[in-house]
Amino acid sequence: MRIDRAEVIVTSPDRNFVTLRLTTDDGLVGLGDATLNGRELAVVAYLQEHVVPLLMGKDAHRIEDTWQFLYRSAYWRRGPVTMAAIAAVDVALWDLKAKAAGMPLYQLLGGASRDRLLAYGHASGRDLPELFDSIRKHQGLGYRAIRIQTSVPGLNAIYGVAAQAQSSGKRYDYEPAQRADLPKEEDWDTRAYLGHLPSVLEAVRAEFGPDLPLLHDCHHRLTPIQAAKLGKSLEPFDLFWLEDCTPAENQDGLRLVRQHTTTPLAIGEVFNTVWDYQTLIKDQLIDYVRSAVTHAGGISPMRKIMDYAAQYQIKSGIHGPTDISPVGMAAALHLDLAIHNFGIQEFMPHGDLTNAVFEQSFTFTRGYLHPGERPGLGVDLEVDEAGKYPYQTAYLPFNRLQDGTVHDW
Ligand code: KDG
Ligand code: MG
């Protein structure tokens with residue numbers, strides 16, 4: 001089974017996606033997600049110029065060897081562009097191997113460790129009535145665990161909070177992504193946020209009771225001592241996790257947070273190798289690993305990260321917003337089903353246009369995901385449909401403080 005063709009397909013149905021499509025000499029097709037939100041074309045160039053030529057004629061069964069070759073031969077290791085490109089190759093090769101075996105991919109990873117995968121969805125609101133509506137709407141869709149994001153009085157717009165009432169029927173503002181020539185500027189005030197958030201979670205607990213698992217994403221906006229204070233103040237509301245409470249590059253920052261709070265901590269959506277977790281896992285400074293298969297080099301290294309984490313009872317919480325394509329989501333689901341230390345899976349459904357480009361076998365039923373039983377990943381790329389939606393420039397937003405200082409968004 002040798003690689004005969006490698007195509008990099010860019011499509012923008014509801015937002016931009018980059019997909020690597022490998023075809024073997026015996027006619028099998030394997031897919032890998034290489035989408036890096038806001039920097040998509042850098043990965044396209046990395047793949048097209050530097051990876052595709054190296055894949056021609058290679059034995060598609062040699063997944064680990066190909067991964068090590070791409071990682072080590074480049075010399076310039078790690079980084080989101082490199083690791084998204086390598087991830088796409090790794091996932092496409094797993095897809096091919098599983099198709100060649102005639103099995104769903106999770107079977108090759110050791111088989112199912114559970115029957116279904118608990119998912120969490122994103123509720124948000126500009127005030128409590130809107131937030132409660134959004135939570136009810138998610139419960140109506142079947143979600144059994146819900147991320148809570150809220151506006152803060154005095155701030156105009158906050159990333160992660162829908163810009164319209166979800167009862168309006170409009171989709172949450174991750175999709176369509178912010179297509180524009182320049183990133184949108186938003187504002188931020190940490191003191192206002194820290195003062196407001198606990199009252200929102202208190203109100204949600206009072207309305208929805210003690211049993212609903214609640215999550216919250218801080219988006220790297222706090223200093224370690226601010227994050228420690230927040231974790232402590234949220235303890236009465238029993239969060240499932242507090243995510244990215246402080247910028248993840250400073251691993252010792254998490255030590256400080258940990259010393260002050262028993263609120264469980266999740267981190268890692270911007271990580272791309274096991275090295276980013278070395279201290280965090282060994283010193284048990286986190287509870288959940290948040291990397292995406294798409295951004296952490298693929299299924300092979302994610303498996304290694306999760307096996308390392310398992311020694312310390314740290315679980316998975318694989319990143320799954322809509323900037324992970326259905327191919328990347330399917331890869332996550334196969335891994336989730338196979339590993340013992342699965343925690344929860346983030347799941348934001350894609351829009352209809354995206355789902356028409358990527359035909360999928362995975363299911364979401366009564367709050368649980370399953371990758372399906374089709375051989376491989378269980379996702380097909382409809383190439384003609386993809387061709388209808390050319391790339392569009394899109395950026396993530398950014399924050400400035402009141403005095404004009406750029407801040408983490
Ligand atoms: O591209 C950025 C998004 O993937 C990210 O902002 C989503 O924080 C996110 C999450 O937890 O899903
Ligand atoms: Mg996040």
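This is a predicted model: local features need pLDDT of at least 70, side-chain atom pairs count only at pLDDT 80 or more; totals for chains, interfaces and linings use all residues.

Reply: Residues are numbered from 1 along each chain as its sequence is written, chains are lettered from A and ligands numbered from 1 in the order in which they are written, and side-chain values use heavy atoms, with hydrogens and water left out.

Start with the helix itself. Helix α3 covers residues 80-101. Helices here are DSSP runs (H or I, at least four residues), as are strands (E, at least two), numbered from the N terminus.

One partner is α2, residues 63-73. The α2 and α3 axes lie 10 Å apart, at an angle of about 170°. The pair is therefore roughly antiparallel. Axes are lines fitted to C-alpha atoms, for helices over the stretch in contact, and angles run from 0 to 180 degrees between N-to-C directions. Under 35 degrees counts as roughly parallel, over 145 as roughly antiparallel, 65 to 115 as roughly perpendicular, and the rest as oblique.

Now to your residues. From α2 come Ile63, Thr66, Trp67, Leu70 and Tyr71. From α3 come Met83, Ile86, Val89, Asp90, Leu93, Trp94 and Lys97. Contact means heavy atoms within 4.5 Å. By class, nine of these residues are nonpolar, one is polar and two are charged. Nonpolar covers Ala, Val, Leu, Ile, Met, Phe, Trp, Tyr, Cys and Pro; charged covers Asp, Glu, Lys and Arg; the others, Gly among them, are polar.

Helix α1, residues 40-55, also packs on α3. Here the angle is about 50° and the axes are 9 Å apart. That makes α1 oblique to α3. This crossing is right-handed too. On the α1 side, the contact uses Ala42, Val43, Tyr46, Leu47, Val51 and Leu55. On the α3 side it uses Val81, Thr82, Ala84, Ala85 and Val89. The count is ten nonpolar, one polar and no charged.

Arg78 sits between α2 and α3. Its phi is near 65°, a positive value in a residue other than glycine. Most residues other than glycine have a negative phi. Arg78 is partly exposed, at 34% relative accessibility. The cut-offs are under 20% relative accessible area for buried and over 50% for exposed, with partly exposed in between (1.4 Å probe, protein chains only).

Ala60 lies in the loop between α1 and α2. At 0% relative accessibility, Ala60 counts as buried. Beyond its neighbours within four places in sequence, Ala60 touches Met1, Arg2, Ile3, Thr24, Leu93 and Leu96.

Helix α5 (residues 128-141) and helix α6 (residues 190-208) cross at roughly 50°, their axes coming within 11 Å. They are therefore oblique to each other. The crossing is right-handed. Leu128, Leu131, Phe132, Ile135, Arg136 and Gln139 of α5 meet Val200, Ala203, Val204, Glu207 and Phe208 of α6. Eight of these are nonpolar, one is polar and two are charged.

Then the metal. The magnesium ion (ligand 2) has Asp217 (OD), Glu243 (OE) and Glu269 (OE) as protein donors, 2.0 to 2.1 Å from it. Donors are N, O and S atoms within 2.8 Å of the metal (3.2 Å for Na, K and Ca); water is not among the atoms, so sites may look incomplete. The donor spacing in sequence is D-x25-E-x25-E. Asp217 is in strand β7 (residues 214-217) and Glu269 in the loop between β9 (265-267) and α9 (278-282), so the pair ties together parts 52 residues apart in sequence. Asp217 is buried at 1% relative accessible area. Glu269 is buried at 13%.

Finally, strand β11, residues 315-318, holds Ser316. Ser316 is buried at 0% relative accessibility. Among its contacts are Tyr288, Met306 and Phe342. Gln313 is in the loop between α10 (299-310) and β11. Gln313 is exposed, with a relative accessible area of 70%. Its phi is positive, about 55°, although it is not a glycine.

Terms used:
A crossing is left-handed if the near helix is turned anticlockwise from the far one by less than a right angle, and right-handed if clockwise.
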